[in-house]
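Subject: Structure for your files

Dear colleague,

Here is the structure I said I would pass on. My notes follow below it.

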Amino acid sequence: MPEKKIKIDVLTLDSVQCAACGYMMESIAAMPPDVQEVIEYKEWSIKGNDGIGKFMELKGKVLPTICIEGDLVFESIIPQYEELIDELAKRASSPEMKERLLSLREVGFNFDNIKENLQKAGAGQF
Amino acid sequence: MAKQMLIDALRGKKTDTAPWLPYSGVHCAYVINEPADKYLKDPQLLAKGLVETARKYKADGIPLVFDLSVEAEAMGLEIKYWNDNVPSVQSHPLSNKTVDEAGLKVPGPDDGRWPVLFEAAKIAKPQLDELDCALLGLACGPLTLASHLAGVRFFTDVVKQKERAHSVMKFCAQVVEKSVEMYAEMGCEIIAIVDPVASQIKNETFKEFVHAYCQSAIAAIHRLGKTSVFFICGDATKVLESVCQLGTHGFGIDEQMNMNFVRDLALKYKVGFAGNLKLTLALSLGILSPREDAIVSLAAGGTEGFTLAPG
């Protein structure tokens, strides 16, 4: 059975219009390939009805916010790479996944596939 | 319309009523029924959009453009244009190189879209003067510019690789200083340093990186006899006292801030403050009544150093 991926919801105004929202999205999209394999993520812009619904569902307070597995983790603070890894590891679906994520703490952001990753997450598509 | 009243308010002075400053941006393109991407590259359209929008909304001041990609584009970064939004930065040359390795230079009046802005200002300025409406120049702030250049890794670098981060910010400060000088040359009476991502960092990081690297641009604005403002977005509560201590005449905040908190800090530091109509909930989505929202802002802001503006 495949491992359950870690779910990330990024609550934004709009990652195109708002630079802070854009770099919140980029912090996830620039995670290295080994991390990309275990996460799934989506941008929720409050400019659309779906985004408003998600903001209410997750009890969002500020924009932008990164939610991991339903928790409001980074509220109006763009995370450092290691902080993101640690918060993902805390919410890993198995001890093996947690260990694998923690082993990637020194790898750092990777910008090679950033456009594809942002596209996949629905960034700027409202 | 009342240009001087806006300047007075942004400098923290008491005014008869609160002046009104719409950050119209690419909405000006919508007003003249043009797509944003075409609008931002055409000086005639830019001037037409500015003047028509200023007249339509009875603005006391209006930004030439609200586009934080101007400096990045002039340095050769890849930009994506949208027909209904501002351009976005697509490449980060300093994600794995130094400023020298990437061959970056401080852009001047002949680079990127700067000639378009000079031409647009030349056409629009006399018409805005007739309307008694101030022209604002908006320079991309140093931290946002550093993020454009280095990508999201910059927010890790400010903690883990300080020397590298300071080197990038030193270059960005030179770019911002040149931008404000160019806006002054265009005739902008008010010049804002717009650093939206500065709300997304810890206060100590703000002091070390944003405060320090805004100083040369602020000094240039003042040396050239213009009014200085710092615009910040998002929930800037944790850094707002530091914003008041930057040395600008005033600042602008976004809809997520509590206006009573903002007003009290601005009065304490005797600086102007602008905000904070709810751009999303009222003006864009209409979930709140824009009229009621404006009344709430006006009541909280008062008439000492307050400018009504979108948040």
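Is Tyr41(A) buried or exposed, and why? Tyr41(A) counts as buried because it has 24 C-beta neighbours inside 10 Å. The cut-offs are 20 or more other C-beta atoms within 10 Å of a residue's own for buried, 12 or fewer for exposed, and partly exposed in between, with C-beta atoms placed from the backbone.

Before the rest, a note on conventions. This is a predicted model, in which local features need pLDDT of at least 70 and side-chain atom pairs count only at pLDDT 80 or more, while totals for chains, interfaces and linings use all residues. Residues are numbered from 1 along each chain as its sequence is written, and chains are lettered from A and ligands numbered from 1 in the order in which they are written.

Surroundings of Tyr41(A)

Tyr41(A) sits in strand S2 of chain A, residues 39-45 (strands are DSSP runs of E, at least two residues; helices are runs of H or I, at least four; both are numbered from the N terminus). Leaving out residues up to four places away in sequence, Tyr41(A) touches Ile8(A), Val10(A), Ile28(A) and Ala121(A). Contact here requires C-beta atoms, placed from the backbone, to lie within 7 Å. Met25(A) is 16 residues from Tyr41(A) in sequence, and their C-alpha atoms are 9.2 Å apart.

Chain B as a whole

Chain B has 15 helices and nine strands. Of its 311 residues, 58% are buried. Along the principal axes, the C-alpha atoms of chain B fill a box of roughly 50 × 40 × 40 Å.

Where the chains meet

In the interface, 26 residues of chain B are in contact with 24 residues of chain A. H9(B) gives the most to the chain B side, with three residues. By class, that side of chain B has nine nonpolar, 15 polar and two charged residues (Ala, Val, Leu, Ile, Met, Phe, Trp, Tyr, Cys and Pro count as nonpolar, Asp, Glu, Lys and Arg as charged, and the others, Gly among them, as polar).

Helix pairs in chain B

The axes of H8(B), residues 142-150, and H10(B), residues 162-186, come within 9 Å and cross at roughly 120 degrees (axes are lines fitted to C-alpha atoms, for helices over the stretch in contact, and angles run from 0 to 180 degrees between N-to-C directions). H8(B) and H10(B) are therefore oblique to each other (under 35 degrees is roughly parallel, over 145 roughly antiparallel, 65 to 115 roughly perpendicular, the rest oblique). The residues of the contact of H8(B) with H10(B) comprise 11 nonpolar, no polar and no charged.

H4(B), residues 43-56, packs on H7(B), residues 114-130, at an angle of about 35 degrees, with the axes 8 Å apart. Their contact has 11 nonpolar, two polar and one charged residues.

For H13(B), residues 259-269, and H15(B), residues 290-301, the axes come within 9 Å and cross at roughly 30 degrees. That makes H13(B) roughly parallel to H15(B). Met259(B), Asn260(B) and Arg263(B) of H13(B) meet Ser297(B), Ala300(B) and Gly301(B) of H15(B).

Regards

Technical notes
Contact = placed C-beta atoms within 7 Å.
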